[in-house]
Amino acid sequence: APAALDPAVPAAPRPSPGRIQNVVFAVGIDGAPLRYRAWLPAEGIALAGATTAVRYYRDPDLPALLEAADAAVFYRVPATVQVLDLIAVARRRGVPVVFDVDDLIFDPDLAAEIPALSILPPAEAELWLQGVRRYRTTMEQADLFVGSTEPLCRHAAAVTGLPVRRFANGVGVVLAR
């Protein structure tokens, strides 16, 4: 089993807020959600004086970037062997791991409440649920959940026991001006 799944691997110690100078975002989606959940937070972090990197979760540069990171954010990243290895790299270095998402895509127990799944062919519905389970696996390896709404954060805390924080979607500097 990957080291990240080994219960003997302890949660990363939380650094003091003053130590965060380099944040790496590993992302698993494109489009507007990527802008709201990774590019705009990266912009805000940069305005506070820290450096950031936003990379697709399969980017070959991620292991090296995580070797220099003070915090790692996994936004909508499904679990793969490589992703779990990246999380293990962060944990070995004592880097806090954050799972961020802006939609309820991490609870396969809600499948019966999703009408669209009943109209999909069974193989497609199962594939979708496999994706949900993979998001959940990544989420459960994190030290902290960050969500876009209070109900989403409450649900994440209820199903995983993770500490949660809300970071609302917003606008960047250019649009704000």
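Reader: What makes R91 and D143 a salt bridge?

Author: This is a predicted model, and in it the closest N and O atoms of R91 and D143 are 3.4 Å apart. The cut-off is within 4 Å, so the pair qualifies. The two sit 52 residues apart, with R91 in helix α3 and D143 in the loop between α5 and β5.

Reader: Why is R91 called buried?

Author: Its relative accessible area is 11%.

Reader: OK, what makes D102 and R76 a salt bridge?

Author: Their closest N and O atoms are 3.2 Å apart, and that is within 4 Å, so the pair counts. D102 lies in the loop between β4 and α4 and R76 in the loop between β3 and α3, so the contact ties together parts 26 residues apart in sequence.

Reader: Which residue joins R76 in the other salt bridge, at 3.6 Å?

Author: That's D103. The N to O distance of 3.6 Å is within 4 Å, so this pair passes too. Through shared partners, R76, D102 and D103 form one network.

Reader: Why is D103 called partly exposed, while R76 is called buried?

Author: D103 has a relative accessible area of 40%, which falls between the 20% and 50% limits, so it's partly exposed. R76 has 12%, under 20%, so R76 is buried.

Reader: How many salt bridges does the rule give?

Author: Ten.

Conventions. Residues numbered from 1 in each chain as written. Predicted model: local features only at pLDDT ≥ 70, side-chain atom pairs only at ≥ 80, totals over all residues. Heavy atoms only, no water. Salt bridge = Lys/Arg side-chain N within 4 Å of Asp/Glu carboxyl O. Helix = DSSP H or I, 4+ residues; strand = E, 2+ residues; numbered from the N terminus. Buried < 20%, exposed > 50% of the residue type's maximum accessible area, 1.4 Å probe, protein only.
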